[in-house]
Amino acid sequence: MGNICAVVVDPRAPGRLVIQEVPEPVPLPNEALVRVHAFSLNRGEVRRSLAAAAGWRPGWDVAGTIEAAAADGSGPPVGARVVGLLPSAAWAQVVAVPTTNLAEIPSSVSFAQASTLPVAGLTALYTLEKGGNLLDRAVLITGASGGVGYFAIQLARLAGARVVGLVHQEAHARVAREAGANLVVAGDPVGAAAHGPYQLILDSVGGKTLGAALSMLARRGICVNFGITESDMTTFNVQQFYMTGGATLRGFFLFDELGANPAGPNLARLVDLVANGKLRPCIEIEQPWTSIGAVAQDLYARRYPGKAVLLVQG
Ligand SMILES: NC(=O)c1ccc[n+]([C@@H]2O[C@H](COP(=O)([O-])OP(=O)(O)OC[C@H]3O[C@@H](n4cnc5c(N)ncnc54)[C@H](OP(=O)(O)O)[C@@H]3O)[C@@H](O)[C@H]2O)c1
């Protein structure tokens, strides 16, 4: 067995991430070997890299070609272009991916575009589905200029919702507008109250934003929280919340959800939407993967909106 190169945590390196040699993966019978061409970064894995011990390997989203099909006969054949999802260690030249987490991509969708879809796209899709039928419903999306938010705005509009996007920095409001938000509020979350109440709120920032958002729910409305970009502690007005009537706060964790709602078929839905021009990834950064440390630092500091994609050589 040979070695390949992969992104590994090294606390001494800028951004704590370096490219190092690691053993080539050995696939299980239900896994295909994928030669990675592009991967995208997500806030969660970058945050985890900041605290992880030396040697930990981040990486969830990959796009590439099948180098060896799964031994059990499932999944795409050798040479197929695919996008896939792993629970960690996906930022590498070659990865072993369970075929249930893979979808084929047509030549009209680039590896870079496809690589933005797994965590951000599936999280947007699944959390929106918690809101049921969104036709003519008011939906508030916090973190609207981020990787998840950009997809969530577009998918909510496709479902017929009226969408208000909440961003932190005024300079990033344009991204939420480009995604199709009917209205964008920047800065103080309380500014979104005037445009509610909301049947569905997708909250990825927690903190004061979640506290404020819970007071903006419509009767029988649901708030799905899945992130803590602002803070993991929230204070909210409990009386206002229960007196709304049937309001729900629901937690969401993608890697838990995948048990009931497998990635592959849903990735295929997202790929189709991109191929048909109905869903647009927002790629603000596209660079060689040797830039991993700097790009991860900039993502964490929110120096750019949307997604960063790194291209893998070798
Ligand atoms: N539970 C799950 O399964 C799951 C899945 C996916 C993501 N997540 C979590 O969801 C969050 C969003 O992920 P992402 O990849 O979309 O992140 P991202 O691309 O970094 O986007 C972050 C968003 O949050 C906004 N923001 C940043 N700091 C803020 C603050 N202090 N107060 C309010 N808003 C702030 C940003 O606005 P500006 O652009 O204006 O700075 C941006 O819209 C992350 O915390 C991530 O860990 C969880």
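Trainee: Why does Val175 count as buried?
Mentor: Val175 counts as buried because 24 C-beta neighbours lie inside 10 Å, and the cut-off for that class is 20 or more. Please keep in mind that this is a predicted model.

Trainee: In which helix does Val175 lie?
Mentor: Val175 belongs to helix α5, which covers residues 173-179.

Trainee: And which residues does Val175 touch, not counting residues up to four places away in sequence?
Mentor: With those neighbours set aside, Val175 touches Ser145, Tyr150, Cys282, Pro305 and Gly306.

Trainee: What separates the C-alpha atoms of Val175 and Phe252?
Mentor: A separation of 24 Å lies between the C-alpha atoms of Val175 and Phe252, and the two residues are 77 residues apart along the chain.

Trainee: Let us change topic to domains. Which ones does the domain assignment give?
Mentor: The assignment gives domain 1, made of 3-120 + 258-311, and domain 2, made of 131-251. Their C-alpha centres lie 27 Å apart.

Trainee: How many residues of domain 1 are in contact with domain 2?
Mentor: There are 11 residues of domain 1 in contact with 12 residues of domain 2. On the side of domain 1 that touches domain 2, the residues divide into 4 nonpolar, 2 polar and 5 charged.

Trainee: What about the ligand? Which residues come nearest?
Mentor: Gly44, Gly143, Gly146, Gly227 and Leu254 come nearest, out of 30 residues around the ligand. The elements giving two or more residues to this shell are α1 (43-51), α3 (117-129) and α4 (147-158).

Trainee: From which domains does the shell around the ligand draw at least three residues?
Mentor: Domain 1 and domain 2 each supply at least three residues to the shell. By residue type, the shell around the ligand divides into 12 nonpolar, 15 polar and 3 charged.

Trainee: You mentioned α3. How many of its residues are buried?
Mentor: In α3, 11 of the 13 residues are buried, and the helix is mostly covered. Among the buried residues of α3 are Leu117, Pro118, Val119, Leu122 and Leu125.

Trainee: Now the sheet. In what order do its strands run?
Mentor: The open sheet has 6 strands in the order β10-β9-β8-β11-β12-β13, with parallel pairing. The edge strands are β10 (183-186) and β13 (248-251), and each of these pairs on one side only. From one strand to the next, the twist averages 15°.

Trainee: What holds strands together in general?
Mentor: Strands of a sheet pair through backbone hydrogen bonds, in either a parallel or an antiparallel sense.

Trainee: Is β8 covered or exposed?
Mentor: Strand β8 (residues 138-142) is mostly covered, with 5 of its 5 residues buried.

Trainee: Over how many bridges do β8 and β9 pair?
Mentor: β8 and β9 pair over 5 bridges in the parallel sense, and Ala138 has Arg162 in β9 as its bridge partner. Strand β9 (residues 162-167) also pairs with β10 in the parallel sense, over 4 bridges. There, the bridge partner of Val164 is Leu183 in β10.

Trainee: What do the buried residues of α6 pack against?
Mentor: They pack against β8, β9, β11 (198-203), β12 (217-225), α7 (238-243) and β13. The buried residues of helix α6 (residues 207-214) include Thr209, Leu210 and Leu214.

Trainee: One more topic, the backbone. Which peptide bond is cis?
Mentor: The peptide bond from Gly196 to Pro197 is cis, with omega near 0°. Pro197 sits in the loop between β10 and β11. As background, most peptide bonds are trans, and most residues other than glycine have a negative phi.

Trainee: What is the phi of Arg16?
Mentor: Arg16 is not a glycine, yet its phi is positive, about 65°. Arg16 is placed in the loop between β1 (3-9) and β2 (17-23). Arg16 counts as buried because 22 C-beta neighbours lie inside 10 Å.

Trainee: And Asp136, what is its phi?
Mentor: Asp136 has a positive phi near 60°, and its place is in the loop between α3 and β8.

Trainee: Why is Asp136 exposed?
Mentor: Asp136 is exposed because 9 other C-beta atoms lie within 10 Å, and the class takes residues with 12 or fewer.

How values were computed. Residues are numbered from 1 along each chain as its sequence is written. This is a predicted model: local features need pLDDT of at least 70, side-chain atom pairs count only at pLDDT 80 or more; totals for chains, interfaces and linings use all residues. Two strands pair if DSSP finds at least two bridges between them. Axes are lines fitted to C-alpha atoms, for helices over the stretch in contact, and angles run from 0 to 180 degrees between N-to-C directions. A residue is near a molecule or strand if its C-beta atom, placed from the backbone, lies within 6 Å of it. Ala, Val, Leu, Ile, Met, Phe, Trp, Tyr, Cys and Pro count as nonpolar, Asp, Glu, Lys and Arg as charged, and the others, Gly among them, as polar. Domain bounds come from an automatic or database domain assignment. Two residues are in contact if their C-beta atoms, placed from the backbone, lie within 7 Å.
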